[in-house]
Amino acid sequence: METTAATSEASTAQPAPPESPVEIVKSVCRSCHGGCGVNLHVQDGRLVKVEGDRASPLNHGRLCPIGTSTIDLVYHPDRLKYPLRRTGPRGGGQWERISWDEALGEIARRLQAIKDEHGAEAIAMGTGTGRHHIRWVSRFGHALGTPNWCEPGFAQCFHPRINTMLQTFGEFPVNDFTSGTKPACILYWGHNPLNSGPDGETRFVVRESLVGKPRTIVVDPRRTQLAAEADIWLQLRPGTDDALALAMLHVVIEEKLYDEAFVREWTHGFEQLAERVRERTPEWAEPITWVSADKIRAAARLYAATRPSMMEWGCAIEHTPNCIQTVRAISMLPALTGNVDVPGGWVFGMKGLGRFPSLIENLSPEMNAKRLGADRFKMLGGEGADLPAAHIPTLVQAMRTGKPYPVKAFMVFGNNTLTTFGNAKEAHEGLMNLDLLVVADLFMTPTAELADIVLPAASWPELDQLAGLPTIAANVVLAQRRAVRVGECKSDEEIFVELARKMNLPVGTEDVDVVLQDLLARGGSGVNLQELREKGFHDMPMRFHKYKDKGFKTPTGKIELYSTRLEAMGYDPLPYYEEPPESPLATPEVAQDFPLVLTSGARIPFFFNSEHRQIRALRRAYPNPIMELHPQTAAAHGIKHGDWVWIETLRGKIQQKAKVTEGIDPRVVHVEHGWWFPEDKSPDHGVWRSNANVLTRNGPPYDPAMGTYHLRGLLCRIARVEPGEG
Ligand SMILES: Nc1nc2c(c(=O)[nH]1)N[C@H]1C(S)=C(S)[C@@H](COP(=O)(O)OP(=O)(O)OC[C@H]3O[C@@H](n4cnc5c(=O)[nH]c(N)nc54)[C@H](O)[C@@H]3O)O[C@H]1N2
Ligand SMILES: Nc1nc2c(c(=O)[nH]1)N[C@H]1C(S)=C(S)[C@@H](COP(=O)(O)OP(=O)(O)OC[C@H]3O[C@@H](n4cnc5c(=O)[nH]c(N)nc54)[C@H](O)[C@@H]3O)O[C@H]1N2
Ligand code: SF4
Ligand SMILES: [Mo]
């Protein structure tokens, strides 16, 4: 039975026999990065209703369309319910059911054989973004002895911000949504949190921050709802955020709009920064960014003059290969204007959870040095990383070519590789070349179809976990509870513990609850696991100006506008502009054939990355992949609203349905990411038809410190799909 996804306040309900008692389990939705409090109603061992918890500070009883569809997710007929072993050729779609014992036994045996023959580094771990189990993936890898784990968001999403902020500010700042002080100004930069609710905020607290009617500035190539309602909308050319940020810094410094006392006392390298941006005038930035110099000035003035102000930044600033310096430049706007660790502005969190035991200490220095990409990208895989990860393009290359050394096994826990890695065709080649591919997922995705063994993962109402949100800051600590069981599904956490035991690993074999208790005990919340589970959440009162006690946690004790740590790692200590590697300015010869600027991946409220396309209510609300183009561009190509359109780059071509809108520049096209069609025949499930990552690049140049590749601001051409084509 399906429920409608159209409202944000609804809960899902199914009729149940009146005589059975209903148990209510307090838990937390983890279908996105957020953590909306929920009451799970369980009757006869079955989830019968999921309602938002009105007491939760993160959602006050509300759920988004995805959370509202939880019952449809949990009991979807296509859920994987027991382990499967492939019987025919890789990707041939032939499977046999096996027991957990057989599955884990075979995985353990084959991993051990690969480790013995090629070394532990020949085994890579993979996962997806920000879920309950993300930290358990690297933990298991480290217990096994491999330094190679990866997540498609690590170099492309959130972690560039984390690592840059740790180097520059000493801590990771988040917005103060909970103290009650409303911001006077919010700058939304490459971020549309009304749709996305990322990084452990929920879209509900984000909405509430708008209640006090703050002034708003939006940096986005598309006219989103936020952009349409903004005081100032900077409609930039995709991929030129660095130039825009430098020009805004120029204005703030040149016109002395900064907080002089804060800058003097609490920042390092102001003079060098001033020198770096002296020539970066709005007039310099205008032809690069396509934003008028007047608007750039107006935005810088409004932002600097209106305090307290929040900086709401998103993954769009991490989808071009100058990502670390872009993040640094943008972060200097709150730094210069003193909007750091203040009520209603950027704050450092209360750290309700301890540091997750990643077991990285289990790796020798030699093994750490073998992490793919670590020698080049120190902010991703080396000393500049909070939790070092492997560089995905280098990993895919190691799978495809055996260089710099062979990677033979990939253990994927919650990632649909073919849809979310840049340059999906190369990722496919890599997967096809493996000796062992294991995929744990809720559904048989096009990636799982290529596996040797598929494991049925438990969805969030089926497992116990803790979350501290916002991510890293952890002002609110939440307990996720197992309320029901489906088939033979196991949580990722349990699978790792069982596999570690089966392989007799020296570490990583403790029960899940032992790890959780320790995590909570080492945080600053003061609650124990049982209390937390009874209430569902614990929010901690916020303290501000914490840096006044002991300074910022950087080598100079100040916010490092001039970064001594980047300098020590051999990177530029000051932010700079760099044109994206494929663009009308960088590659005019490519632009002759591919004249439009392509950006991808703006989030929609009905799906999380490549997920939820099989949930009927969500799919009914949003049936097709949509590309956006301007009416002039549409007319020039004979394209009408609703036509299917070919979008083609140097890498390949796909089709999505046209939304013709004035809200995008005539020179720019936007495509959605994550599309496949569960209803299409196996094994591909239509993954090559509309998948944005057929179009994207994973080649160099990368961000020199982070290894980031290019997903937004590429070059493309378009054509109408003619009847009978494609
Ligand atoms: N419902 C839902 N929620 C999600 C997700 C989801 O798929 N669905 N995904 C989750 C994930 S992994 C993440 S990282 C977050 C992402 O969420 P956000 O950080 O909000 O990022 P996006 O929605 O991808 O993009 C934000 C805006 O960037 C604009 N944009 C495109 N190119 C550029 C550019 O070059 N520069 C600038 N300044 N803007 C650009 C887009 O038009 C878009 O409106 O959301 C998370 N939450
Ligand atoms: N072109 C383009 N590409 C992008 C982006 C873009 O904007 N444009 N965005 C990038 C970003 S920011 C990110 S973070 C990545 C996101 O990439 P990922 O986070 O890897 O997202 P998915 O590939 O959708 O993989 C999630 C998979 O996990 C499964 N799953 C859900 N819950 C569980 C669970 O509890 N256990 C297990 N084992 N599996 C589970 C889902 O069914 C799904 O198959 O994509 C990146 N790719
Ligand atoms: S915003 Fe995220 S956590 Fe909240 S209901 Fe939606 S999917 Fe669940
Ligand atoms: Mo992401």
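**Chatting about strands, ligands and cysteines**

Biologist: Which residue is the bridge partner of M627 in β26?

Modeller: A658 in β26 is the partner of M627. Keep in mind as we go that this is a predicted model.

Biologist: Good to know! In which sense do β24 and β26 pair, and over how many bridges?

Modeller: Strand β24, residues 626-629, pairs with β26, residues 653-660, in the parallel sense. There are four bridges between β24 and β26.

Biologist: And what about β25 and β26, parallel or antiparallel?

Modeller: That pairing is antiparallel, with five bridges linking β25 (residues 644-648) to β26. To find a spot on screen, look for W644, which stands opposite K657 in β26.

Biologist: What joins β25 to β26?

Modeller: A hairpin does, and the chain passes through four residues there.

Biologist: Let's switch to the open sheet. How many strands form it, and in what order?

Modeller: Seven strands, and the order across the open sheet is β6-β5-β18-β17-β16-β7-β8. The pairing in this sheet is mixed.

Biologist: Which strands stand at the edges?

Modeller: Those are β6 (95-97) and β8 (149-150). Each of the two has a single partner strand, so one side of each has no neighbour in the sheet.

Biologist: Inside that sheet, how do β7 and β16 pair?

Modeller: Strand β7, residues 123-127, runs in the parallel sense with β16, residues 409-413, over five bridges. One pair to click on is I123 with its bridge partner A409 in β16.

Biologist: And the side chains on a strand, where do they point in general?

Modeller: In a regular strand they alternate between the two faces of the sheet.

Biologist: Ligands next! Which residues come nearest to ligand 1?

Modeller: S196, D220, D241, F607 and N609 come nearest, out of 34 residues around ligand 1. By type, the shell of ligand 1 divides into 15 nonpolar, 13 polar and six charged residues.

Biologist: Which polar atoms lie close enough to ligand 1 to list?

Modeller: A polar side-chain atom of R222 is 2.9 Å from an oxygen atom of ligand 1. On the backbone side, a polar atom of I604 is 3.0 Å from a nitrogen atom of ligand 1, and a polar backbone atom of V219 is 3.3 Å from a nitrogen atom of the ligand. As for cover, ligand 1 taken alone exposes 920 Å², and the protein buries 98% of that.

Biologist: What surrounds ligand 3?

Modeller: Its surroundings are C29, S31, C32, G34, G35, C36, L63, C64, G67 and R203. This shell divides into five nonpolar, four polar and one charged residue.

Biologist: Is C489 buried or exposed? And C36, buried or exposed?

Modeller: C489 is buried, with a relative accessible area of 8%. C36 is buried too, at 11%.

Biologist: Last one: where is H33?

Modeller: H33 is in the loop between β2 (23-28) and β3 (37-43). H33 is buried, with a relative accessible area of 11%, and a polar contact of 2.8 Å joins its side chain to that of T129.

How values were computed
Residues numbered from 1 in each chain as written. Chains lettered and ligands numbered in written order. Predicted model: local features only at pLDDT ≥ 70, side-chain atom pairs only at ≥ 80, totals over all residues. Heavy atoms only, no water. Buried < 20%, exposed > 50% of the residue type's maximum accessible area, 1.4 Å probe, protein only. Near = heavy atom within 4 Å. Nonpolar A, V, L, I, M, F, W, Y, C, P; charged D, E, K, R; others polar. Polar contact = N/O pair within 3.5 Å; in protein donor to acceptor, adjacent residues only side chain to side chain. Areas by Shrake-Rupley, 256 points an atom, 1.4 Å probe, with all protein chains shown as cover. Pairing = 2+ DSSP bridges.
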